[in-house]
Amino acid sequence: MNVDLDCRSLLCPLPVIKLAKTLSTVDIGDTVTVLADDPAAATDIPAWCRMRSQDLVEAHQNRYVVRRVN
């Protein structure tokens with residue numbers, strides 16, 4: 001299952017906060033697709049995935065796909 005999360009026009013740290021809350025509601029193995037146009041998201045979302053041991057499947061043109069690992 002994939003959940004879409006529209007964070008366009010939200011500034012740091014809101015996209016990461018919303019990602020964290022949403023990812024905790026999906027099953028392990030499921031993904032959350034985040035649309036975020038804040039330039040900080042390009043750094044923040046991959047860093048958050050590394051710190052939380054989650055899988056960043058894709059990061060391309062304001063679109064980030066994160067798979068819940070644990």
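This is a predicted model: local features need pLDDT of at least 70, side-chain atom pairs count only at pLDDT 80 or more; totals for chains, interfaces and linings use all residues.
Local features need pLDDT of at least 70, side-chain atom pairs count only at pLDDT 80 or more, and totals for chains, interfaces and linings use all residues. Residues are numbered from 1 along each chain as its sequence is written, and side-chain values use heavy atoms, with hydrogens and water left out.

Four strands form an open sheet in the order β1-β2-β4-β3, with mixed pairing. Strands (E, at least two residues) and helices (H or I, at least four) are DSSP runs, numbered from the N terminus; strands pair if DSSP finds at least two bridges between them. β1 (2–6) and β3 (55–60) are the edge strands, each with a single partner, so one side of each lacks a neighbour in the sheet. Neighbouring strands are turned by 15° against each other on average, direction ignored. β3 pairs with β4 (residues 63–67) in the antiparallel sense over 5 bridges. Helix α2 (residues 41–51) packs on the sheet and touches β2 (31–35), β3 and β4. Contact here means heavy atoms within 4.5 Å. The direction of α2 makes about 5° with that of β4; axes are lines fitted to C-alpha atoms, for helices over the stretch in contact, with angles from 0 to 180 degrees between N-to-C directions.

The structure holds 3 salt bridges (a side-chain nitrogen of Lys or Arg within 4 Å of a carboxyl oxygen of Asp or Glu). D55 stands opposite R67 in β4. These two residues form a salt bridge, with the closest N and O atoms 2.9 Å apart. R63 and E58 meet in another, at 2.8 Å, N to O. D6 pairs with R8 at 2.7 Å between the closest N and O atoms.
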